[in-house]
Structure formats: structure tokens, C-alpha cells
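Trainee: I would like to learn how to read a protein model. Could you walk me through a few features?

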Amino acid sequence: YNSLGYRDAKIIATKIDRKKGGDLNIKIDLDEGIQYQFGEITWKGNSKYSDALLTNILGIKKGETFNNQLLQERINFSENGRDISRLYMDDGHLFFRAVPVEKALNKNQIDVEIQVFEGAQATIGEVNIIGNNITNERVIRRELRTLPGDKFNREELIRSQRSLINMVFFNPESVSVTPKPNPQNGTVDLEYEVEEKNNDQFK
């Protein structure tokens with residue numbers, strides 16, 4: 001219901017009756033409420049990118065069915081890479097955040113103001129690797145696109161993780177990377193964790 005714009009939908013009551021044969025009758029009383037739409041979407045706090053660019057990436061237009069889950073995905077993380085967070089984090093803004101605030105309700109249209117905190121660009125500090133007991137660390141590091149002193153880039157972080165997954169030495173589901181931000185000095189340490197396969201073969 002919420003994904004279809006019925007954000008006020010609620011279950012009023014439930015009733016369960018047991019029949020003689022052991023079956024159950026279940027009755028659910030719903031109040032769907034009205035269907036909401038997106039109204040005006042405005043931006044506040046952004047200086048690096050224009051309202052027009054952010055609105056284009058967000059890809060939500062006035063009059064579309066209100067869907068808070070879609071709004072959060074388009075701001076923070078979308079599987080197809082279409083989100084505001086990627087735009088900022090690919091350019092070093094690790095401390096970026098954006099908060100949507102409902103400002104007004106005009107009939108069934110909800111106006112939303114997205115409050116942006118861009119934050120400073122972060123530089124990569126230490127890059128640590130754990131879990132490799134056999135594989136030489138040099139072999140792993142040559143697959144990484146995130147180097148100490150580089151500007152933080154979320155896309156390069158994802159590519160580095162994929163490169164490690166594609167190696168034959170590690171269990172794919174075990175490869176992970178954890179950013180450890182240091183807001184005080186504007187850096188971020190990265191910790192890559194791997195788990196080597198049990199592969200006893202002559203090479």
C-alpha cells in the first residue's frame with residue numbers, strides 16, 4: 001500500500017474463526033485512506049550541483065504516485081546507480097547526506113524539501129587487507145583502484161571489491177570492504193576482508 005501512494009493505509013482489526021474441520025477463516029478490516037502524489041520537490045543546502053541536475057538524477061516528477069521507499073533509494077543507493085549519493089561520493093564527498101522533509105500537503109499532493117549536507121571531500125588514508133594467509137598482499141593490492149592519498153570514490157571502491165571477487169583465490173561471498181571515516185582530519189581508512197578458498201592443487 002505504501003509503495004502505491006496509500007501512506008495512511010492501516011489494518012483496523014483482524015478476526016480469526018476456527019471451523020469444525022480445523023480450517024481457519026481470517027477476516028482483515030482495512031482502511032486504505034487516499035492515494036497521495038508527489039508535489040513540488042525542492043532542494044536546500046546544495047552548492048556544488050544545481051537544483052536542475054539533482055532533480056534530473058532523482059527522476060521523480062510532480063504528480064507521480066508518492067513512494068517514500070523509491071525516494072530514499074534515489075537519494076541514498078539505487079542498484080542501477082541512479083542516486084544522488086553516488087554523484088557526491090564518486091567525487092570524494094564521503095560525509096554527504098540528504099534528508100527529505102515533507103513541507104506541505106496540498107489536497108493529495110505532498111511537497112518535499114530535500115535538505116543536503118555536502119560535507120568536505122575525503123582522502124583515502126590507510127588501505128588494509130585482512131584474511132589473506134597464503135595469497136601475497138602484493139597480488140591483492142594490484143587489483144585495487146583505491147590507493148592511499150587518492151580522493152574517495154564510491155564507484156572505484158565497488159570496482160575494487162568486484163575485482164577481488166573475480167579472483168580465483170577467495171570465496172566470493174566473503175569479500176567485503178569497510179570504510180572507516182576520520183571526520184577530524186578528512187580522511188577515510190579502507191579495510192578489505194577476504195577468505196581464501198581451500199584449494200590444494202599443484203600449479
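Predicted model: local features only at pLDDT ≥ 70, side-chain atom pairs only at ≥ 80, totals over all residues.

Trainee: In what order do the strands of the open sheet stand?

Mentor: To read a sheet, follow the strands from one side to the other. Here 3 strands stand in the order E6-E8-E7, and their pairing is mixed.

Trainee: Why is one side of E6 and of E7 left without a neighbour in the sheet?

Mentor: Strand E6 (123-130) and strand E7 (176-182) are at the edges and have a single partner strand each, so one side of each has no neighbour there. On average, neighbouring strands in this sheet are turned by 20 degrees against each other, direction ignored.

Trainee: How many bridges join E6 to E8?

Mentor: There are 6 bridges between E6 and strand E8 (residues 187-193), and the two run parallel.

Trainee: Now the surface: which residues form the nonpolar patch?

Mentor: Tyr1, Ile11, Ile16, Leu24, Ile26, Ile28 and Leu30 make up the patch, and together they have about 710 Å² of accessible area. Strand E1 (10-18) and strand E2 (24-31) each give two or more residues, with E2 giving the most, 4 residues.

Trainee: Is Ile28 buried, partly exposed or exposed?

Mentor: Ile28, which lies in strand E2, has 47% relative accessibility, so it counts as partly exposed. Exposed would need over 50%.

How values were computed. Residues numbered from 1 in each chain as written. Heavy atoms only, no water. Pairing = 2+ DSSP bridges. Axes fitted to C-alpha atoms, helices over the stretch in contact; angles between N-to-C directions. Patch = residues over 30% accessible without salt bridge, like charges linked within 9 Å, V, L, I, M, F, W, Y side chains within 5 Å. Areas by Shrake-Rupley, 256 points an atom, 1.4 Å probe, with all protein chains shown as cover. Salt bridge = Lys/Arg side-chain N within 4 Å of Asp/Glu carboxyl O. Buried < 20%, exposed > 50% of the residue type's maximum accessible area, 1.4 Å probe, protein only.
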